[in-house]
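Hi,

Here is the structure I promised to pass on to you. Please open it first, and then read on with the model beside you.

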There are 2 protein chains.
Amino acid sequence: MTDNPSYKDRKVITIGVVSELTGLTERQIRYYEERKLIFPERSPKGNRKYSFMDVEQLIDIANKREEGVQTYEIRQEMLKKRRKEERKKRRELLRGEINARFGIQKD
Amino acid sequence: MTDNPSYKDRKVITIGVVSELTGLTERQIRYYEERKLIFPERSPKGNRKYSFMDVEQLIDIANKREEGVQTYEIRQEMLKKRRKEERKKRRELLRGEINARFGIQKD
DNA sequence: CGTGTAAGGAATTCTGACACG
DNA sequence: CGTGTAAGGAATTCTGACACG
């Protein structure tokens with residue numbers, strides 16, 4: 001349905017590689033974390049680990065920043081989008097339950 | 001058909017992370033490269049980079065090694081499988097060409 | 001053959017801070 | 001606010017080699 005084994009979400013990429021992949025400096029990447037735009041995991045000894053999703057997210061952020069959008073705005077948009085998706089998911093879950101009880105039907 | 005953006009094949013994972021992911025020591029991982037079982041890329045400054053495919057490959061290798069299979073044998077199996085897949089791909093390409101010229105037909 | 005280890009050096013990453021604007 | 005930079009330390013990675021079996 002979504003992806004296979006979720007390679008896209010495994011947090012395995014170090015900040016140096018993310019920097020190459022995104023064209024952002026490590027400084028920028030760390031700062032966007034400070035501003036809660038990105039949430040890497042940490043290795044046992046404290047090194048940041050990113051997923052491909054994070055890389056894509058950072059590229060989006062970089063584009064918005066180029067347009068002059070401030071990190072605060074970007075965060076607001078992110079939160080809005082997240083809430084929207086949660087509502088969508090909830091509706092889908094509900095629909096699934098209804099179908100399970102009353103049978104599948106086209107509408 | 002295959003995967004989306006080929007996250008699975010992007011070589012972005014450092015050897016330390018691969019070690020965690022596979023349970024192999026870095027020594028083992030480097031040795032399997034020496035034996036031509038695995039082919040990481042290198043960062044500009046020479047650090048090895050692996051893909052998720054490589055990680056899976058390494059897990060397969062680890063399993064075979066536990067069964068006592070030698071790296072040489074593993075390499076032979078790999079080469080055999082690779083040739084097999086190339087033949088398959090060639091057949092499919094050919095079939096595609098034939099269909100393109102003489103029309104699609106069920107058999 | 002396959003793996004461990006100590007060795008030395010180079011590159012990576014981390015944090016907290018000062019700077020500029 | 002967003003980013004650069006120098007600072008110092010800790011962790012990572014690399015290679016070539018010796019060891020054992």
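Below is what I found in it, starting with the contact between the chains and ending with a few single residues.

One thing to keep in mind throughout: this is a predicted model.

The interface

On the chain B side, three residues stand out: B:Tyr7, B:Val12 and B:Phe52 provide 46% of what chain B buries against chain A, more than any other three residues.

What about charged and polar pairs across the interface of chain B and chain A? The count of salt bridges between the two chains is zero, while two residue pairs are in polar contact, both at pLDDT 80 or more.

The core

The largest nonpolar core holds 40 residues, and the ones with the most contacts inside it are A:Ile13, A:Leu58, B:Ile13 and B:Leu58. Both chains take part: helices H1, H2 (26–34), H3 and H4 (71–102) of chain A and H1, H2 (26–34), H3 and H4 (71–102) of chain B each give two or more residues to this core.

Setting aside its neighbours within four places in sequence, B:Leu58 is in contact with B:Val18, B:Thr22, B:Leu24, B:Ile29, B:Tyr32 and B:Ile38.

B:Ser19 sits in helix H1 of chain B. Is B:Ser19 buried or exposed? B:Ser19 counts as buried, because its relative accessibility is 18% and the cut-off for buried is under 20%. Not counting residues up to four places away in sequence, B:Ser19 touches B:Leu24, B:Thr25, B:Glu26 and B:Ile29.

In chain A, have a look at A:Thr22, which is found in helix H1. A:Thr22 also counts as buried, at 14% relative accessibility. The side chain of A:Thr22 reaches the backbone oxygen of A:Val18 at 2.8 Å. Beyond its neighbours within four places in sequence, A:Thr22 is in contact with A:Ile29, A:Val55, A:Leu58 and A:Ile59; of these, A:Leu58 is also named above among the core residues with the most contacts. For a sense of distance along the chain, A:Thr22 and A:Ile98 are 76 residues apart in sequence and 44 Å apart in space, C-alpha to C-alpha.

A lysine to check in each chain

Which backbone angle is worth a look at A:Lys36? Phi of A:Lys36 is near 65°, a positive value in a residue other than glycine. A:Lys36 is in the loop between H2 and strand E1 (41–42) of chain A, and it is partly exposed, with a relative accessible area of 44%.

For B:Lys36, phi is likewise near 65°, again positive in a residue other than glycine. B:Lys36 lies in the loop between H2 and strand E1 (41–42) of chain B and counts as partly exposed at 45% relative accessibility.

Happy browsing, and best wishes

Definitions and conventions. Residues are numbered from 1 along each chain as its sequence is written. Chains are lettered from A and ligands numbered from 1 in the order in which they are written. This is a predicted model: local features need pLDDT of at least 70, side-chain atom pairs count only at pLDDT 80 or more; totals for chains, interfaces and linings use all residues. Side-chain values use heavy atoms; hydrogens and water are left out. Buried area is the accessible area (1.4 Å probe) that two parts lose on being put together, summed over both. A salt bridge is a side-chain nitrogen of Lys or Arg within 4 Å of a carboxyl oxygen of Asp or Glu. A polar contact is a pair of N or O atoms within 3.5 Å; within protein, one must be able to donate a hydrogen and the other to accept it, and residues adjacent in sequence count only if both atoms are side-chain atoms. A nonpolar core is a set of buried Ala, Val, Leu, Ile, Met, Phe, Trp, Tyr and Cys residues joined through side-chain atoms within 4.5 Å. Buried means under 20% relative accessible area, exposed over 50%, partly exposed in between (1.4 Å probe, protein chains only). Helices (H or I, at least four residues) and strands (E, at least two) are DSSP runs, numbered from the N terminus. Contact means heavy atoms within 4.5 Å.
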